[in-house]
Amino acid sequence: MERQVPPTIRPPRRRIVEVLLGGGLFASVVSFVYPVLRYLIPPPVADLGGDEVVASKVGDLKPNGSKIFRFGTRPALLLMTAEGEYRALSAVCTHLSCTVQYRNDLHQIWCACHNGLYDLNGRNISGPPPRPLDAFQVHVRGDEIVVSRKREG
């Protein structure tokens with residue numbers, strides 16, 4: 001007569017330890033693979049308007065004043081000169097991509113990161129910035145101030 005061997009039953013403590021070790025190994029692998037995948041497959045960039053955006057309303061800016069607004073995915077700077085003329089420039093410093101700001105006491109655009117200065121046309125006049133700020137076209141349509149990219153050609 002054959003003897004039947006009863007099935008081996010693992011003690012519950014051993015099973016718990018195996019589950020914890022397996023879960024820890026799985027979590028370690030995921031914590032390594034996930035950032036690598038995020039690096040290799042970057043998230044899609046949202047298109048926030050493209051070539052034209054309403055930057056402000058007429059009357060929001062005072063002479064010798066400014067406002068930072070969003071142009072696409074980057075900040076931009078809308079200025080009203082002391083003479084009442086509107087100008088729009090990129091608010092991203094050409095040195096290390098810091099956000100610039102308008103200094104109405106100096107009548108210049110200033111980058112606080114490394115003390116770079118630009119004139120009201122966006123030309124770099126002192127400090128480390130290697131090139132001028134990108135300039136945009138400004139149009140007043142009704143009561144809106146519309147900023148658009150300059151057309152080449």
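Let me start with E18 and R15, which form a salt bridge with their closest N and O atoms 3.6 Å apart. By salt bridge I mean a side-chain nitrogen of Lys or Arg within 4 Å of a carboxyl oxygen of Asp or Glu. E18 and R15 are three residues apart in helix α1, so about one helical turn separates them. E18 counts as partly exposed because its relative accessibility is 31%, and R15 is partly exposed too, at 47%. The cut-offs are under 20% relative accessible area for buried, over 50% for exposed, and partly exposed in between, with a 1.4 Å probe and protein chains only.

A word on where this comes from. This is a predicted model, in which local features need pLDDT of at least 70 and side-chain atom pairs count only at pLDDT 80 or more, while totals for chains, interfaces and linings use all residues. Residues are numbered from 1 along each chain as its sequence is written, and side-chain values use heavy atoms, leaving out hydrogens and water.

Back to the charges. Side chains of opposite charge can pair when their charged atoms come close. How many salt bridges does a search of the whole structure find? The search gives seven. One of them joins E144 to K57, where the closest N and O atoms are 3.6 Å apart. E144 sits in strand β10 (residues 144-149) and K57 in strand β1 (residues 52-57), so this pair ties together parts that are 87 residues apart in sequence. Both ends are partly exposed: E144 has 27% relative accessibility, and K57 has a relative accessible area of 37%. E85 and R87 also meet through their side chains in a salt bridge, at 3.3 Å from N to O. E85 is partly exposed, at 41% relative accessibility.

Now the overall layout. There is one helix and there are 10 strands in the chain. Helices here are DSSP runs of H or I with at least four residues, strands are runs of E with at least two, and both are numbered from the N terminus. Of the 153 residues in the chain, 28% are buried. Taking contacts between residues at least 6 apart in sequence, 40% join residues at least 24 apart; contact means heavy atoms within 4.5 Å.

Four strands form an open sheet in the order β5-β6-β7-β8, and the pairing is antiparallel. Its edge strands, β5 (101-103) and β8 (124-126), each pair on one side only. Two strands count as paired if DSSP finds at least two bridges between them. β5 and β6 (residues 108-111) run antiparallel and are joined by three bridges. Within β6, I109 is the bridge partner of Y102.

Last, the surface. The chain exposes about 11,000 Å², and 57% of that is supplied by carbon and sulfur atoms. These areas come from the Shrake-Rupley method with a 1.4 Å probe, and for residues only the protein chains shown count as cover. Where is Y39 found? Y39 is in helix α1 (residues 12-40), and Y39 counts as exposed because its relative accessibility is 69%. Y39 also belongs to a nonpolar surface patch of about 970 Å², made with L25, V29, F32, V33, V36, L37, L40 and I41. Patches take residues with over 30% relative accessible area and no salt bridge, joining like charges within 9 Å and nonpolar side chains (Val, Leu, Ile, Met, Phe, Trp, Tyr) within 5 Å.
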